[in-house]
Amino acid sequence: MGNNQHNSYTKDQIKFLQDNYQSMSRKELTEAFNSKFCQDRTIGAITSTCKREKIKSGRTGFYEKGEKPWNTGTKGICKPNSGSFKKGHQPKNWKPIGHQRIDKDGYILEKIAEPNKFRLRHQLVWEQKNGKIPEGMVLWFIDGNRQNCVIENLELIKKTEQLRRNKLRVNQSPEEIKETLKLVAKTQVVVSERKKELLK
C-alpha cells in the first residue's frame, strides 16, 4: 500500500514538497499541498513521502551517528574573531517578518516568524477576518488572480467543489458563464454527497 501511495504523487507534487518543506511546518505544508492539488493527504503521509524522497527540512537538530559537532574539544578556547557575527547582526539574505515573495506557482508567501517561516498570504488574509479555515474547505480566487489576496476576492468553498470547478475550467471561461459553471459544480457536489448518503 505504501508503494501505491508513493507512486500516486506526481512530479509537480514532489517538486512542490521540495520547494516548500524548509519554509513551512509539516502542518502548513500539508494544508498548502492539499489546497493546491485538491488532495486530502494527512500530515503523516506528507512526512513519509518527504522522507522517502529524501527531502530534508533541516529541522531535526540532531547529528547523524558518528558525526561530531563542529566545536568538539574546543570548550573554553573559542573566541570572537573578525569573521564572527556581532550581536544583533543579520545575514545578508535575512528578510523581516512581513516580507513577501512569489512561489513558482504564483502564490504569495508571507514571512510570519523567524527564522524562515512562511505562509500563504491569501490564507492569512482570510483568517484575520474569519478565523481558521475549516477542515475540508479551501479558498477560491474569484477573479482567478492568485496574487489578488484582498478579502473580497476570496471565496470559501469545499475541496470537492474546487475540484469540480477546476475540471469545468471556471476561471478560464467567459465571464457570462462563470456563475452558471459554479452552480453546475455545486450541484454535482450535492448530488455526489447525496448518493454517498443513500449508499450508507
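Helices (H or I, at least four residues) and strands (E, at least two) are DSSP runs, numbered from the N terminus. This is a predicted model, where local features need pLDDT of at least 70 and side-chain atom pairs count only at pLDDT 80 or more, while totals for chains, interfaces and linings use all residues. Residues are numbered from 1 along each chain as its sequence is written, and side-chain values use heavy atoms, with hydrogens and water left out.

**View 1. The loop that holds R169.** Look between α6 (159-167) and α7 (175-199): that loop is where R169 sits. R169 isn't a glycine, yet its phi is positive, at about 55°. R169 is exposed, at 51% relative accessibility (exposed means over 50% relative accessible area, buried under 20%, and partly exposed in between, with a 1.4 Å probe and protein chains only).

**View 2. K54, another residue with a positive phi.** You'll find K54 in the loop between α4 (43-52) and β1 (100-102). Its phi is about 60°, and K54 isn't a glycine either. With a relative accessible area of 72%, K54 counts as exposed.

**View 3. A cis peptide bond at P115.** Going from E114 to P115, the peptide bond is cis, with omega near 0°. P115 belongs to the loop that links β2 (108-113) with β3 (117-120).

**View 4. Helix α2 meets helix α3.** The axes of α2 (residues 11-20) and α3 (residues 26-37) come within 11 Å and cross at roughly 145° (axes are lines fitted to C-alpha atoms, for helices over the stretch in contact, and angles run from 0 to 180 degrees between N-to-C directions). On the α2 side, the touching residues are D12, Q13, F16, L17 and N20, and on the α3 side they are L29, A32, F33, K36 and F37; contact means heavy atoms within 4.5 Å. Sorted by type, these residues are six nonpolar, two polar and two charged (Ala, Val, Leu, Ile, Met, Phe, Trp, Tyr, Cys and Pro count as nonpolar, Asp, Glu, Lys and Arg as charged, and the others, Gly among them, as polar).

**View 5. Two cysteines, C38 and C149.** C38 is buried, with a relative accessible area of 17%. C149 is buried too, at 9% relative accessibility. The disulfide count is zero, where a disulfide is a pair of cysteine sulfur atoms within 2.5 Å.

**View 6. The start of the chain.** The protein chain averages a pLDDT of 84, and 80% of the residues score at least 70; pLDDT is the predictor's confidence in each residue, from 0 to 100. Over residues 1-6, though, the pLDDT is below 50, and this stretch has five contacts in the model beyond near neighbours in sequence.
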